[in-house]
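Please find below some notes for a colleague who is meeting this structure for the first time. They begin with a contact inside one chain and then turn to the contact between chains.

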Amino acid sequence: MAGIHIEHVTKSYGQLTVLKDFSLDIADGEFVVFVGPSGCGKSTMLKILAGLEEATSGTIRIGGRDVTDLAPGDRDIAMVFQNYALYPHLTVRKNMGFGLKMRGTDSAEIDRRVTEAAKILGVDHLLDRRPKALSGGQRQRVALGRAIVREPQAFLMDEPLSNLDAKLRVHTRAEISALHKRLGVTTIYVTHDQIEAMTMADRIVIMRDGIIQQIANPDTMFRKPANLFVAGFIGSPGMNFFKATVAPGQGSAMVRLFGQNVPLQAPTGLSGREVVVGLRPEHIVAGEGPVTFAVTPRLVESLGSEKYIYVDVPPENRVEVAHTGGDDRRADTIIARLINPEERAGSGPLTLSFDPARLHLFDAQTHIAI
Amino acid sequence: MKRSLLHSTFLYVAVILVCALLVFPIYWLFITAISPPDQLRVLPPRFWPEIPRWNVFGDVMSDRPILLWLGNSALAALGSVLLSMTVSVLAGYSLSRFRVRGGQSLGLFILTAKMLPATLLVIPLFGIFRTLDLIGSLWSIVLAHATLIIPFTTWMLKGYFDTIPRELEQAAMVDGCSPLGAMVRVILPVSAPGLAATALYGFVLSWSDYAYARTFLTNAQTNWTANLGITTMKGEYISNWGDISAASILVALPVLLIYLFLERYLVGGLTAGAEK
Ligand SMILES: Nc1ncnc2c1ncn2[C@@H]1O[C@H](COP(=O)(O)OP(=O)(O)OP(=O)(O)O)[C@@H](O)[C@H]1O
Ligand SMILES: [Mg+2]
């Protein structure tokens, strides 16, 4: 077990720069999740850590040792691949023992560790099968098993759950978390699923176009997104955005939303600034509140325990910035997420409200949180 | 029900026709071998001789050094396959895995070499082998056959390696293999069907060669390959077609046996690229 230190790593393929000055300190035993949209460089960073790709510049230290120029096999890390990459010609037992055998561990010891790991993962009855005779979930466990028998300094996992069906994914997610608690091995986990990131991570690293957007624990990520991208990426459905201009009000600054003056907990010095105001769907509630507005829903989706109310945004509040959470929402609609709603909620005109303290403010030009 | 009966009848008739077309020459070769010489040119042709000459195979083997010729053919084929596979496994793997400057055009160049007719290369090769003092030696056809086999097998193996996910050797490297170790311990075993199919292709190509053997080996009787040997049985005035046919069957037999033996792997090998 060891901490991992990534210092100023960049990676270019010819003209294309896919990682820009990536620096990150990971503590011993920490579970860090890299998350971001497709193509943002998550896998590339993981492969550089594994030694499968060479960084264009920068340094990698694992457990205080500079491994930047070491071969993958000399870094003492284990990797779990998205497609599992089990050796099809070897039995489960040999698959799991392969790494130990390559390191010259004696066969009795290999056998002991493989058996133990297989028990932990519940695949001990499959040890003599070939990978092709396993289900997707079983293959996934064997791939995890191959990583844990090595007892490496760190685990690198590249979207290990994305080939499983939804139910198995939730189940295995919990199992990987439990496994991490039990073994305490430093883990870097790549996903583009923000729910996986939120539920598993000690810390989340959100990336976009090869640049780290924010490094924080899941709570902070949700409560204090560093910029518009993070705000839109974390949370489901994603945060609602409004365009507004800050105006001086009585005692505090204010913005106009839904034709009303909404006071802000922000310094009056902001006056005149163009901002994007963010409000999470779950912070809009039914009934009266500090800021109340009446709407006629465009659409209502019911999930049983909650309802998504789609509401038109007044033209002056519509934002041009693309929504970043992956769901391409229309700029002229916001969503209110009502938890345990009344059955009739949404069938006609509706009163909604929110607390201005819940509002997030972002600079309209730089997209950075204010 | 009626339609499906019609359908399957049609299918069977078609299959039988195709088989008959393919098998008839072999059958005729066999009949020619076991018929007495005077019955070979009768009209209407006879489809089974009255008194089959079963001993023709034994006779032809004692008359001619067929076993020696077969041995030479086998040596040449094994040698050229071994050489070709060594080269083309490494070349095909590199073409499949490494982005080399000009790799694409190199691949095309190899493909072009494959399109040249073998006879075009006979004369330059003769010149080279004479300089190297290899004329009459089995090495000449080992090398000559390799020049035919390597372009094709390299291309075939590159295609096969392309279907194997890169993560496999990446996993092996994380597990502690060197790049070459990953190839030997993981990629080659996984490619076994492809390797078998490719090697067999090379073997048959070498085994069935006549032009090169005729050019390089004619003056070295002890090094004659089976195909070369058989053609010497054809006389200027008299040809004993029965004996020639019997010898031909003996030459075809080994390849047939190998095919039967490897069939299971071959089918796997030939379809492996079809589904990822
Ligand atoms: N060998 C390569 N040559 C050129 N460009 C590459 C190469 N490998 C990756 N890239 C590019 O680098 C960028 C980052 O790729 P990467 O695989 O790291 O994305 P990712 O974040 O893992 O995405 P995903 O979620 O889709 O897996 C992409 O734009 C990709 O096209
Ligand atoms: Mg990826």
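1. Across the interface of domain 1 and domain 2 of chain A, zero salt bridges are found, a salt bridge being a side-chain nitrogen of Lys or Arg within 4 Å of a carboxyl oxygen of Asp or Glu. Two residue pairs are in polar contact there, both residues at pLDDT 80 or more; a polar contact is a pair of N or O atoms within 3.5 Å, where, within protein, one must be able to donate a hydrogen and the other to accept it, and residues adjacent in sequence count only if both atoms are side-chain atoms.

2. The model is predicted, with local features needing pLDDT of at least 70 and side-chain atom pairs pLDDT 80 or more, while totals for chains, interfaces and linings use all residues, and side-chain values use heavy atoms, without hydrogens and water. Residues are numbered from 1 along each chain as its sequence is written, and chains are lettered from A and ligands numbered from 1 in the order in which they are written.

3. The domain assignment, automatic or from a database, gives domain 1 (4–225) and domain 2 (230–363) of chain A, and their C-alpha centres lie 38 Å apart. In this pairing, 13 residues of domain 1 of chain A are in contact with eleven residues of domain 2 of chain A, contact meaning heavy atoms within 4.5 Å.

4. Between domain 1 and domain 2 of chain A about 1000 Å² is buried, with 75% of that area from carbon and sulfur atoms; buried area is the accessible area (1.4 Å probe) that two parts lose on being put together, summed over both. A:Q194, A:F222 and A:P225 supply 56% of what domain 1 of chain A buries against domain 2 of chain A, more than any other three residues.

5. Turning to the two chains, the contact takes 15 residues from chain B and 21 residues from chain A, and the area buried between them is about 1500 Å², of which carbon and sulfur atoms give 67%. B:Q170, B:V174 and B:D175 supply 41% of the area that chain B buries against chain A, more than any other three residues.

6. Which side chains form the salt bridge that is found across the interface of chain B and chain A? The rule finds one there, and the side chains of A:R150 and B:D175 meet in a salt bridge at 3.1 Å, N to O. Between chain B and chain A, nine residue pairs are in polar contact, both at pLDDT 80 or more.
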